[in-house]
Structures are given as C-alpha cells and as structure tokens.
Amino acid sequence: MKTPYIGQLDHKIQVIKETLVQNTLGEQKPTQSVIAEPWAFMEESGGNEDVEGKVRHLINRKYTIRYSSDILKNGSDYLVLDNGIKYEIYHVMVIGRKKHLQLLVNIHE
C-alpha cells in the first residue's frame, strides 16, 4: 500500500459518532458528534445492487487520511460523512509507520 501524496488529500470529510440521547419526553433521539474533519484521498472500489426484499445500492469506498490513534482504536464505532451521505466504517488499516489510515467504508442504511 502506497502512501498518498499530500496533494491527493483533497477531499474534506467528517468522521462522526452517532449516539442515542433521551429527550424530555423519554424518546431516544440519535445525535451526531464530530470526531474529526480530516482531508482525505477517496478511491471508489466498486458497488452493486442487492435485491433482498428491496433494492439496496451497495457502495464501497476507501478513504485515506492522516494517522489518528482515536480513529484507529474506535473506527468501527464511527461513521464517515461525505457530501451529506453517511458511510459505515467496517475496517481501518494502518499505512506506513503511523503516517496514514485507510478507512474501508460502505453505505450506511
């Protein structure tokens, strides 16, 4: 795995965490907290449609960002928000010696 050039990190994303918070009526409401807003190198790694009672569009992407120990440890609990679309992080890979992380994501439904 090659590290990206600094000029390739040209895509601004947000790494967010969704939690459920109870409001005054006792209802559980999802809230988002921003963990980081890194510049990323985005690669499309394919997608397809899945027909399982309904048609779902499956999108797989890779985002390469600068190293963050918090995202490395807790990456599977976080989501990537890119242009208003939420992606679920299913794997985090270290590239180099604490230089970059590659986030493997698919669409969050």
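Student: Which side chains meet R61 in a salt bridge?
Tutor: That would be D82: the two side chains form a salt bridge at 3.2 Å, N to O. A salt bridge here is a side-chain nitrogen of Lys or Arg within 4 Å of a carboxyl oxygen of Asp or Glu. Keep in mind that this is a predicted model, where local features need pLDDT of at least 70, side-chain atom pairs count only at pLDDT 80 or more, and totals for chains, interfaces and linings use all residues. Residues are numbered from 1 along each chain as its sequence is written, and side-chain values use heavy atoms, with hydrogens and water left out.

Student: Where do R61 and D82 sit?
Tutor: R61 lies in strand β5 and D82 in strand β6, so the pair ties together parts 21 residues apart in sequence. Strands (E, at least two residues) and helices (H or I, at least four) are DSSP runs, numbered from the N terminus.

Student: OK, and is R61 buried or exposed?
Tutor: R61 is buried, because its relative accessibility is 14%. Buried means under 20% relative accessible area, exposed over 50%, and partly exposed in between, using a 1.4 Å probe and protein chains only. D82 is buried as well.

Student: What else does the R61 side chain join in a polar contact?
Tutor: The side chain of Y87, at 3.1 Å. A polar contact is a pair of N or O atoms within 3.5 Å; within protein, one must be able to donate a hydrogen and the other to accept it, and residues adjacent in sequence count only if both atoms are side-chain atoms.

Student: How many salt bridges are there by that rule?
Tutor: The count is 2. One of them joins the side chains of E18 and K86, at 2.4 Å from N to O. That pair links distant parts of the chain, with E18 in strand β2 and K86 in strand β7, 68 residues apart. E18 is partly exposed at 30% relative accessibility, and K86 is partly exposed at 24%.

Student: Last one: what does the Q22 side chain reach?
Tutor: The backbone oxygen of G26, at 3.4 Å. Q22 is in strand β2, residues 14–22.
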